[in-house]
Amino acid sequence: MKPLVIAHRGACWDEPENTLPAFERAIEMGADYVEFDVRAAPDGTLVCAHDRVRTQPPPHVPTLDDALAALAGRVGVAVEIKEQAVTTRVLDALREHEVEANQLLILSSHAKALDLAQRLRPDVRLVLHLSTRRPDPTAATRFWGVGLEDRTARPRVIALAQSLGLATTVYTVNEPRRMLELAALGVTGIFTDRPDLLRQTLDSEQA
């Protein structure tokens, strides 16, 4: 099977990352999932932002509710929880927007956030991001999958994760040659800033 096309922070090669235009563009480009980061703003509002939000975010930064209202039911949603403290509220929002489990991935580099998510939503697929230089897939065996940085996603690491029954995802890949290498290794999903290029590359290889 072809890897899932996961639009990293939306189609952020063409539009500002973690914004509604980037999410819409990703849908147009045929992404299977739109990925975005979630943090709390100073007033407690959950917003789509990769970096820590120290002041009130500008208008172009969508709230989690904005993002889910735009995406739910139209495309798969991959939510990266950047702060463990917001986990329960993220799950509440996903319920309110009726995001189905089969259209949802929850990602985090915080294992405790995923442990909590697993207790609250045991039906949801959880991916532990391993951002160390020497990732150990055994750390993710209680979850559905593992996320590997492209620079550390070596064949032996991917093979180990697969032998443990883990789904394998790799971030962030924007070069066709590398996309094909990872597809040949049987990874489950590829995060990319260029979902159109990834879709075209995978489709042309299959043809």
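The model is a predicted one, so local features need pLDDT of at least 70 and side-chain atom pairs count only at pLDDT 80 or more, while totals for chains, interfaces and linings use all residues. Numbering runs from 1 along each chain as its sequence is written, and side-chain values use heavy atoms, with hydrogens and water left out.

Two aromatic pairs turn up in the structure. Rings of Phe, Tyr and Trp (its six-membered ring) pair if their centres lie within 6.5 Å; planes under 30 degrees apart count as stacked, over 60 as edge-to-face and the rest as tilted. Phe 23 and Phe 36 make a tilted pair, because their ring centres are 5.5 Å apart and their planes sit at 40°. Phe 23 belongs to helix α1 (residues 20-28) and Phe 36 to strand β2 (residues 33-40), so the pair ties together parts 13 residues apart in sequence. Helices (H or I, at least four residues) and strands (E, at least two) are DSSP runs, numbered from the N terminus.

With centres 6.1 Å apart and planes at 85°, the rings of Tyr 171 and Phe 191 are edge-to-face. Tyr 171 and Phe 191 are both buried.

Charges sit over rings as well (NZ of Lys or CZ of Arg within 6 Å of the ring centre and within 35 degrees of the ring normal). The charged end of Arg 194 is over the ring of Trp 13, 4.3 Å from its centre.

Definitions and conventions: Buried means under 20% relative accessible area, exposed over 50%, partly exposed in between (1.4 Å probe, protein chains only).
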